[in-house]
Amino acid sequence: MRKLFIGFLSVVGGILFLLVGYAYHNSRDRHPGYALDLTIDAPLQAKPLQVGFSALKITPILADHWRDKNGNAAYEPELGDTYQDGNGNGRFDAYWMAGFRNRRAANGIHDDLWARAIVIDDGQTRLAIVALDLLGFSHKNVINVRKKLPARAKVNYAIVCSTHNHEAPDLLGLWGEKRYESGVNKAYEQFVEDQSTKAIMLAVKNLQPARLRFAQDSTGADSLILDTRKPLVKDAGIYIMQALAADKDTTLGTLVVWGNHPETLWDKNLQLTSDFPHYVREYLEKGIQDTTATVQPGLGGTVVYASGCVGGLMTTSPKVAVKDPVTAQMYQEPSFDKAAAEGKKIAMLVYKALQNDITIVTESGIQLRARTLELPLINRLFQLGVAAGILDMGYSSWGMLRTEIAAFQLGEASFLCVPGELYPEIANGGVESPPGADFRSRPLETPPLRSLMRGKYKFVLGLANDELGYIIPKSEWDEKEPYLYGSKQKPYGEINSVGPDTAPKLYQSLAEILRDL
C-alpha cells in the first residue's frame with residue numbers, strides 16, 4: 001500500500017513538474033534584453049520633407065467554409081454545424097475571428113484586410129507608421145517586424161498600430177475554438193509580420209518630396225459614437241494628415257485618425273472585413289457617387305486609417321442609428337450598408353475639413369521620444385492565459401510585461417502613441433472619482449494628455465506598438481460592489497485590462513516624454 005501511495009505521489013509530482021515547466025516555458029521573455037530609450041531632436045535647419053505610402057493585403061486564404069446550422073455565428077459541430085474540406089486535409093482549417101466570443105470562425109471575405117504604411121523622412125530621421133486591420137498586434141510582434149527590417153531601409157523608428165477591428169482573425173489568442181485554446185494561426189501571424197515589414201520597405205521605395213496638409217474636425221462625428229460607460233467622454237475628433245507631391249496637387253496619401261471601435265458589423269458577422277474603415281478609405285481614395293453624379297471627388301493616393309482613444313468603450317453599436325449622408329437612409333441594425341453609411345459620413349467630414357482650416361508644412365524636422373517600460377500583469381485571467389500559452393507574450397521580468405510609448409512632433413502636429421485602448425477622459429479631460437470605485441483616491445491621470453501636447457493638431461494613435469486592452473483611470477476602476485454611479489451591474493472593461501495600475505503608470509511616462517518634447 002505504501003508503495004502504491006509513493007507511486008501515486010510520484011506521478012502527481014511528475015505531472016505538476018511538467019505543468020510548472022510548461023507554464024515557465026510559456027512565460028519566457030520573447031525578446032530578452034530588448035529595451036528602447038530613443039531621443040531624436042529635429043535638425044537645426046529644417047529641410048524639405050519626403051513622404052512615401054504603401055498598402056499590402058493581409059487577407060488570409062480561407063480554404064474551408066462551414067454551415068452555421070442554428071445561425072448563432074459559433075462553429076459548433078456538436079450541434080450539427082458542418083464544414084467543407086476545401087483543401088482535402090481532413091480537418092477544419094478555421095480562422096477564428098477576434099472579439100465578441102469564442103468559436104466565431106470566418107466564413108467568407110467581404111473586403112480585404114490591409115497593412116498600410118507611411119514613411120516620413122526629414123533628411124535626418126526616417127519614421128515609419130503601419131496600420132493593420134486587426135483587433136491587436138502585440139509588442140512581441142512589433143519587435144519582430146523591426147528586427148526583420150533590413151539596414152538599407154534606414155528607418156530610425158517604426159510604429160505598428162492596429163485599428164482594433166473585430167471582424168478580422170485573432171492574433172492575440174483569446175478567441176479560439178475553446179476558451180482554453182489560442183485562436184492564433186501561427187502561419188498567418190508570420191504572414192502579417194512579413195507583410196508589415198514589406199509595407200514599410202515599399203513605402204521607403206515610394207519616398208518623394210512632399211507637402212503635408214493638416215486638418216481636423218472636432219465634432220462632426222460625435223453622433224456616430226456611443227460611450228457605453230460613465231463618465232461620458234468621447235474622442236470624437238477626426239485628425240487628418242494629407243501628403244501632396246511637392247511640385248503639384250497630387251495626393252500621395254492621407255492619414256485619418258478617429259476614436260471608435262471598428263465593430264459596426266457586430267457579433268453575427270462571419271465575413272472578414274475591415275468594417276467601416278474600409279469605406280472611409282474607399283470613399284476618400286475613389287470618391288462618392290450616387291446614381292447620377294459624383295457627390296464628392298476622390299483624393300487619390302493611399303489612405304491609412306488608424307484608431308484614436310477607443311476605451312470606454314467607443315462604439316457604433318446596434319443602439320446607434322446611422323444616417324447615410326447621401327441617400328438619407330437610416331440604418332440601425334448591423335449591416336454592411338450601415339458600415340458604408342458610417343464610412344461615407346467620415347469621408348465627407350475629412351474632405352470638408354481639408355477644404356477649410358488647414359496648415360501646410362513643406363519643411364520641418366521630426367522630434368521624437370520613445371521608451372520601453374514594464375507594467376505589472378495583475379489580471380488573473382491574463383496570467384493564466386500566459387501560463388497556458390493562450391496569450392503568447394511572456395514576461396520581460398517575473399510578472400511584468402514589456403511595452404512601449406512614444407511621441408513625436410512634426411510642425412504644428414504632435415503625435416502620441418499609446419499601447420492600448422485609452423479611455424478618452426485621460427486624453428481629453430474628465431477623469432472622475434465616483435462613488436463605488438474600488439480605489440478611493442483623487443484622479444491620478446491629470447492634467448489631460450492633450451493639454452501637454454504641442455501644436456494645433458494633436459493625434460493620439462491608439463493600440464500603437466502593443467495591445468494592453470483597456471487603459472482605465474485608477475479612480476474609476478471597479479471590480480467589486482458597490483458599483484460605479486449606483487449601477488446594479490459590474491462595468492465592462494476591467495476584464496480586458498492588464499490591471500488597475502496600468503493607467504497611472506502609463507500616464508506618468510507619457511506625460512514625461514511629452515514634457516521632454
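How many of the 11 residues of helix α4 (residues 276-286) are buried, where buried means under 20% relative accessible area with a 1.4 Å probe and protein chains only? The count is nine, and helix α4 is therefore described as mostly covered.

Before I go on, please keep in mind that this is a predicted model, in which local features need pLDDT of at least 70 and side-chain atom pairs count only at pLDDT 80 or more, while totals for chains, interfaces and linings use all residues. Residues are numbered from 1 along each chain as its sequence is written, and side-chain values use heavy atoms, with hydrogens and water left out.

Let me start with the whole chain, which has eight helices and 24 strands, these being DSSP runs numbered from the N terminus, with H or I over at least four residues for helices and E over at least two for strands. The radius of gyration, taken over C-alpha atoms, is 23 Å, close to the 24 Å that the globule rule (2.2 Å times the number of residues to the power 0.38) gives for 517 residues, so the chain is as compact as a globular protein of that length. Of those 517 residues, 58% count as buried.

Back to α4, where the buried residues are F276, P277, H278, Y279, V280, R281, Y283, L284 and E285. They pack against β5 (114-121), β11 (251-258), β12 (287-289), β13 (294-297), β14 (302-307) and α5 (336-355), with contact meaning heavy atoms within 4.5 Å. Just after α4, G287 takes a positive phi of about 95 degrees.

Now the pairing with α5: the axes of α4 and α5, lines fitted to C-alpha atoms over the stretch in contact, with angles from 0 to 180 degrees between N-to-C directions, come within 7 Å and cross at roughly 45 degrees. The two helices are therefore oblique to each other, given that angles under 35 degrees count as roughly parallel, over 145 as roughly antiparallel, 65 to 115 as roughly perpendicular and the rest as oblique. On the α4 side, F276, Y279, V280, Y283 and L284 meet residues of α5 including F336, A339, I346 and V350. The residues of this contact divide into 12 nonpolar, one polar and two charged, where Ala, Val, Leu, Ile, Met, Phe, Trp, Tyr, Cys and Pro count as nonpolar, Asp, Glu, Lys and Arg as charged, and the others, Gly among them, as polar.

Finally, the axes of α2 (residues 139-148) and α3 (residues 186-205) come within 9 Å and cross at roughly 50 degrees.

Note on methods. Buried means under 20% relative accessible area, exposed over 50%, partly exposed in between (1.4 Å probe, protein chains only).
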